[in-house]
Each structure stands twice: as structure tokens, then as C-alpha cells.
Amino acid sequence: MKKYFIVVTALAFLAACNGKVAKDTPVLVEDNNITVAEVTPATPSKPKLPVVKAKQVKPVNMRDSLKIDSKKGAVIQKKYKGTVPAADGPGIVYELTLYYQQDSNDGVYELDATYLEAENGKDQTFTSIGKRQVKKGTPANVNAVVYELIPNDGGMVFHFQAEGDSLTMLNQELQKATSDLNYTLKLVQ
């Protein structure tokens, strides 16, 4: 990518210089074709778990953005918290708040992800907000209840499997991590 940027910059510089040539001076134009190739791994990569990277300005309360249906039950708010492993730090603290009506599969969510010691030893928090939908089944369990969190900013969708008073993070193929590391958030409220 850097080579491509350098070539484009050099061509732009040459084009800018060509505008300063005298009218009678012949200009030699060469047709160069540049091919950019990407390296693909010999073996397919393992599916990645989603991460929160974009900071958004969140509304005062996501509960206010929930569409209320008077025929459905009361509005429920549940908050989950947990620290999951990070590739380049001591971990990521997830604080997930779900808002939904009692008899509804739809709702909204607010997710704060704090990357511990991310920027020069300081914690960095990112927020994701959006819609929550309930799905049924995973490749390992057809009866599993899965919360699909769809960010408003079009970012990567999160999947969590509900297991009693906890949620376990799933990858995009609705699979749990194959490692012994903990990807679980516990109900705190």
C-alpha cells in the first residue's frame, strides 16, 4: 500500500510540474500500467471476533430511542459486564446495556468497550449503539438464544449467546472461541 501511495504521489508531482513547461517544449508521455497485487494466505484465517473501534456521540439514553408497543410488556433494561482478552493489551472491558420490551425480539443496545492500557499505557473507551435482535440457534446448538447487535454506524455486527445470567461472545459464524480464554459478560443489573 505504501508503494502504491508513493507512486501516486510521484505521478501527481510530475503532473504538477508538467504544467510549468514552456508552450513550445515537446513533452514525452509514457503509458505505464501499474498492477497492485495483494498477498493471500495459503490457509484460510480463523474467524475474528468483532471489536469496537469507532467513538460515537451517544444519545442521553438509548432507552428513549426504543420503539414502544402498548400491546407488549414493560420495558426491560439489563446490564452486562466482563473483561475479554485483547490481542495487544491486558484486555477489553465490555459494558453492555440492553433495552427491550418484555414480549419482543427487538430492542436497542449501548456497548462501551474500554481497551486497557491501549494508548501509551492509558485506557481508551469506545462506544457502539444500535439495534438488538434475538435469533435462534448456532452451529453447535439449534436451541441457543443469540442476541445480534447491529451498530448504527454500519460497523461489524456483534453476536452474544444468552446462557442464564451471562452472555458469551460469538464470532461472525456464531461459534464460541476455541481457546480456553474467557469471552463471557455477566449480568450486573
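Which residues is Gly 82 in contact with, leaving aside its neighbours within four places in sequence?

1. Gly 82 is in contact with Ile 92, Val 93, Tyr 94, Thr 184 and Leu 185, leaving aside neighbours within four places in sequence, where contact means heavy atoms within 4.5 Å. Gly 82 lies in strand E1, residues 75–86, and counts as buried at 12% relative accessibility. The C-alpha atoms of Gly 82 and Val 93 are separated by 5.7 Å, although the two residues are 11 apart along the chain.

2. This is a predicted model, in which local features need pLDDT of at least 70 and side-chain atom pairs count only at pLDDT 80 or more, while totals for chains, interfaces and linings use all residues. Residues are numbered from 1 along each chain as its sequence is written, and side-chain values use heavy atoms, with hydrogens and water left out.

3. The protein chain has 1 helix and 8 strands, which follow the pattern α-β-β-β-β-β-β-β-β along the sequence; helices (H or I, at least four residues) and strands (E, at least two) are DSSP runs, numbered from the N terminus. Of its 189 residues, 29% count as buried, a term that means under 20% relative accessible area, with exposed meaning over 50% and partly exposed in between (1.4 Å probe, protein chains only).

4. Thr 138 lies in the loop between strand E4 (122–136) and strand E5 (145–151), and this residue is buried, with a relative accessible area of 9%. Not counting residues up to four places away in sequence, Thr 138 touches Ala 144, Val 146, Gln 161, Leu 170 and Leu 174.

5. The whole structure holds 3 salt bridges, each defined as a side-chain nitrogen of Lys or Arg within 4 Å of a carboxyl oxygen of Asp or Glu. One of them joins Lys 79 and Glu 95 at 3.6 Å, N to O, and this pair links distant parts of the chain, with Lys 79 in strand E1 and Glu 95 in strand E2 (residues 89–101), 16 residues apart.

6. Lys 135 forms a salt bridge with Glu 148, their closest N and O atoms being 3.7 Å apart; because Lys 135 lies in strand E4 and Glu 148 in strand E5, the pair ties together parts that are 13 residues apart in sequence. Lys 135 is partly exposed, with a relative accessible area of 36%, whereas Glu 148 is buried, at 16%.

7. The side chains of Lys 176 and Glu 163 also meet in a salt bridge, at 2.5 Å, N to O.
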